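Biologist: I'm new to this one. Could you walk me through a single part up close, the open sheet and the helix packed with it?

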Amino acid sequence: MSDLPPTDRILTAEVLSIGSELLVGETRDTNAGELAASLTTAGVRVERITAVPDRLEVVTDAFATGLRRAGLVVSTGGLGPTPDDLTREAIAGVCGETPSVDPDLERWLRDLWARRSLPFPESNRKQAWLIPSAHAMPNPNGTAPGWFVTPPSGGVIVAMPGPPREMRPMWEDHARPRLHALGLGADVAARTYRLTGIGESQVAEILGDALLRRANPEVATYARAEAVDVRVSAVADHGVSAADLVSETAAIVEERLGRFVWATGATTWSQALGARLADLGWRVAITETGTHGQVAAVLGDVDWIALDEIHGTSSANGGQPSDDALLAEARRVRTASGAELGVAVHAHERERERDTIVTVAIVTPAGEVVERRTAFLGGSLGRTRAALAAAAALLTSIHEAG
């Protein structure tokens with residue numbers, strides 16, 4: 001925006017969540033994670049995510065210290081009309097400026113009430129405040145305009161309402177474009193590998209300390225519910241692009257862990273399977289026992305499942321069916337549905353070890369296969385992991401079949 005003063009590129013940020021309700025567990029904060037992801041994608045390093053109560057001295061200190069540590073502080077909450085909404089007062093204190101009612105904002109607010117034939121509460125004039133260093137950001141879904149602030153001491157503050165339906169459009173349509181105009185972020189790149197059949201500690205051991213301790217590119221491991229992720233990220237450095245830095249290190253990750261990789265990015269099991277099945281023009285029929293329907297839960301409501309039979313639970317003492325019996329079940333559902341693939345999944349919790357054994361029989365136009373795997377733990381966690389193991393076996397099978 002041309003009306004904003006120039007500044008250095010914004011490479012670091014802190015996210016501030018304001019509201020006592022966040023600290024007592026009454027409200028779940030989803031804003032901070034969404035904002036952190038958006039900033040990271042833009043090439044901004046998020047240094048801290050902080051939640052603070054509705055106390056003026058605490059909120060003021062959070063803004064002041066945040067600006068000393070980072071080029072940008074993004075806050076949500078505390079922009080309402082009540083006495084405990086203190087974001088404006090805190091920012092004004094940090095800037096050394098006095099808020100005053102902006103006539104245009106006041107007219108807009110009064111019109112909101114007039115259109116509803118309601119008396120205007122004078123306490124709402126607080127939401128029309130501005131300071132000399134702040135520009136108002138419109139709020140089409142509420143009564144609290146945001147503030148885009150360039151403090152005299154440097155840095156940027158973006159203050160937005162707490163309700164996500166108000167925060168999201170304000171961030172996307174107003175705050176982020178202004179920040180980009182000021183020079184938001186750096187040249188960054190990232191690549192994520194999704195692994196199966198291996199634990200996070202094994203991944204770390206294979207990659208080694210030297211690779212995992214690199215600062216740029218950075219290699220990080222994450223244990224997710226459905227996979228172990230390895231993320232390679234970089235910032236352009238000394239004339240080398242971020243993409244080139246990522247590619248160089250990603251080649252090492254692929255060499256060491258390629259046999260465990262089943263997808264990249266944020267791909268889900270259902271998406272990975274669906275993409276491969278679409279290439280082949282195939283559908284799947286599934287029968288599952290002992291899983292409490294977890295295979296269906298992992299795959300979701302997709303059009304490439306022709307039939308999904310969910311049978312009762314398998315007792316700990318019931319034992320495993322034979323391979324021939326499971327293959328017969330896979331053939332049966334394949335024939336009954338007219339699908340190209342028939343899959344029979346049986347999960348069985350071992351009473352002593354408290355792990356779950358999952359057996360998967362798969363019948364394809366190219367042949368038949370039975371796989372047996374051990375899923376760590378029993379109970380609901382074991383059943384979920386058994387379903388993920390079944391998805392992995394199915395993905396391997398259709399890749400080989402094609």
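Modeller: Here is a look at the sheet, then at one helix.
This is a predicted model, where local features need pLDDT of at least 70, side-chain atom pairs count only at pLDDT 80 or more, and totals for chains, interfaces and linings use all residues. Residues are numbered from 1 along each chain as its sequence is written, and side-chain values use heavy atoms, with hydrogens and water left out.

Six strands make up an open sheet, ordered S2-S1-S3-S8-S7-S6, with mixed pairing. Strands here are DSSP runs of E with at least two residues, helices are runs of H or I with at least four, and both are numbered from the N terminus; two strands pair if DSSP finds at least two bridges between them. S2 (45-52) and S6 (134-137) stand at the edges with a single partner strand each, so one side of each has no neighbour in the sheet. S1 (residues 12-18) runs parallel to S2, and seven bridges join them. Along that pair, Thr12 sits opposite Arg45 in S2.

Now for helix H2 (residues 31-41). Its buried residues (under 20% relative accessible area, 1.4 Å probe, protein chains only) are Asn31, Ala32, Leu35, Ala36, Ser38 and Leu39. They cover an arc of only 165° around the axis, going by the directions from the helix axis to the C-beta atoms, which puts them on the same side of H2. What covers them includes S1, S2, S3 (72-76), S8 (156-160) and helix H6 (164-182), with contact meaning heavy atoms within 4.5 Å. Just after H2, Gly43 takes a positive phi of about 90°.

Definitions and conventions
Buried means under 20% relative accessible area, exposed over 50%, partly exposed in between (1.4 Å probe, protein chains only).
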